[in-house]
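Here is a short report on one structure.

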Amino acid sequence: MAIRRVLRARRKRAEYLNPSLLGDPGWDMLLEAFACDLAQQRVSVSSLIGASSVPMTTGLRWLAALRIRSRRISRAFRSDGRRHR
């Protein structure tokens, strides 16, 4: 799947450059959520945060911001704050 290749490439660049220079945790989380949605898989909050390679507290702040700004994310978490399908 193309999205998974993009996610792997984004992680691989950390081998060459300091991740803090290229960080975009919100985008990484959205890519992970989209990939899981396409595969009709559930994704946990911890998996979304893990996809972004940021500490849990930072990831939770990003998820909160994404929920506020994205109807799709907000709707996905409305029924269960822990899982998204």
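Buried means under 20% relative accessible area, exposed over 50%, and partly exposed in between, with a 1.4 Å probe and protein chains only. This is a predicted model: local features need pLDDT of at least 70, side-chain atom pairs count only at pLDDT 80 or more, and totals for chains, interfaces and linings use all residues. Residues are numbered from 1 along each chain as its sequence is written, and side-chain values use heavy atoms, without hydrogens and water.

Ser44 has 14% relative accessibility, so it counts as buried. Ser44 lies in strand β1 (residues 43-44). Strands (E, at least two residues) and helices (H or I, at least four) are DSSP runs, numbered from the N terminus.

| Pair of side chains | Polar contact |
|---|---|
| Ser44 and Ser46 | 3.1 Å |
| Ser44 and Ser47 | 3.0 Å |

Next, the helices. Axes are lines fitted to C-alpha atoms over the stretch in contact, and angles run from 0 to 180 degrees between N-to-C directions. Helix α1 (residues 2-12) packs on helix α3 (residues 25-38) at about 150 degrees, with axes 9 Å apart. α1 is therefore roughly antiparallel to α3. Angles under 35 degrees count as roughly parallel, over 145 as roughly antiparallel, 65 to 115 as roughly perpendicular and the rest as oblique.

Helix α4 (residues 45-52) and helix α5 (residues 56-69) cross at roughly 105 degrees, their axes coming within 9 Å. So α4 is roughly perpendicular to α5.

Notes: Polar contact = N/O pair within 3.5 Å; in protein donor to acceptor, adjacent residues only side chain to side chain.
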